[in-house]
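Me: I would like to learn how to read a helix and its surroundings in a model. Can you take me through one, step by step?

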Amino acid sequence: MLWFYDLLLIGHFLGLAMGFAAGFGNMVMMGLIAKAKAADAVVLSRFPPAIARVSNIGLVLLWITGVILVLIRWNGLASLSVMFWIKMVAVVALTGLAIVMHRLMGRARKGDIRAARQMPLLGRLAGVSALMALIFAVLAFH
């Protein structure tokens with residue numbers, strides 16, 4: 001059973017890496033797009049939606065592996081600390097933001113300027129939520 005736990009933990013960390021890589025990648029890309037010539041900006045702007053899919057897959061992987069880990073490693077939710085619950089508030093906020101951003105991205109692709117303008121703020125909020133989830137995960141499970 002230890003090999004299964006290890007496999008789940010590897011999957012969990014992979015999901016974490018996918019999410020953070022996408023977040024940092026988008027921060028860098030948004031800076032490049034803002035400074036790019038119009039023709040280059042069009043090409044560069046194809047990156048954020050593509051890397052957002054990586055982030056979304058990572059978030060799904062985190063949820064799946066996290067639920068299973070809680071059930072098999074910690075015998076359910078009752079045994080988990082306050083730090084875990086604070087982490088979960090951040091995870092739920094991150095998940096909600098990801099859903100809203102996914103919807104806004106679809107509207108932005110259809111030309112909705114207002115939706116596109118909301119994305120940077122929501123991206124920063126998602127980054128803060130992800131960082132808070134990471135910090136409180138460390139505090140909950142160290």
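Predicted model: local features only at pLDDT ≥ 70, side-chain atom pairs only at ≥ 80, totals over all residues.

Me: What span should helix H5 have, at 1.5 Å a residue?

Reply: H5 covers residues 113–141, and its 29 residues should span 42 Å. Its end C-alpha atoms are 42 Å apart, which agrees.

Me: Where in H5 is there a kink?

Reply: The kink, of about 30 degrees, is at Met119, shortly before the proline Pro120.

Me: What is found at the start of H5?

Reply: There, a side-chain oxygen of Asp112 comes to within 3.0 Å of the backbone nitrogen of Arg114.

Me: Which residues of H5 are buried?

Reply: An α-helix has 3.6 residues a turn, so residues three or four places apart point the same way. In H5 the buried residues include Ala115, Met119, Leu122, Ala126, Ala130 and Ala133. Helices H1 (2–35) and H4 (82–109) are among what covers the buried residues of H5.

Me: Which residues have the most contacts inside the largest nonpolar core?

Reply: That core has 13 residues, and among those with the most contacts are Leu94, Met101, Met119 and Leu122. H3, H4 and H5 each give two or more residues to this core. The largest share, six residues, comes from H4. Beyond its neighbours within four places in sequence, Met119 is in contact with Met101, Leu104 and Met105.

Me: What is the phi of Asn75?

Reply: Most residues other than glycine have a negative phi. Asn75 has a positive value, near 55 degrees. Asn75 lies in the loop between H3 (47–73) and H4.

Me: Is Asn75 buried or exposed?

Reply: Asn75 is exposed, because its relative accessible area is 68% and exposed means over 50%.

Key:
Residues numbered from 1 in each chain as written. Heavy atoms only, no water. Helix = DSSP H or I, 4+ residues; strand = E, 2+ residues; numbered from the N terminus. Expected span 1.5 Å × (residues − 1). Bend = angle between axes of the 7 residues up to and from the residue. Buried < 20%, exposed > 50% of the residue type's maximum accessible area, 1.4 Å probe, protein only. Contact = heavy atoms within 4.5 Å. Polar contact = N/O pair within 3.5 Å; in protein donor to acceptor, adjacent residues only side chain to side chain. Core = buried A, V, L, I, M, F, W, Y, C linked by side-chain atoms within 4.5 Å.
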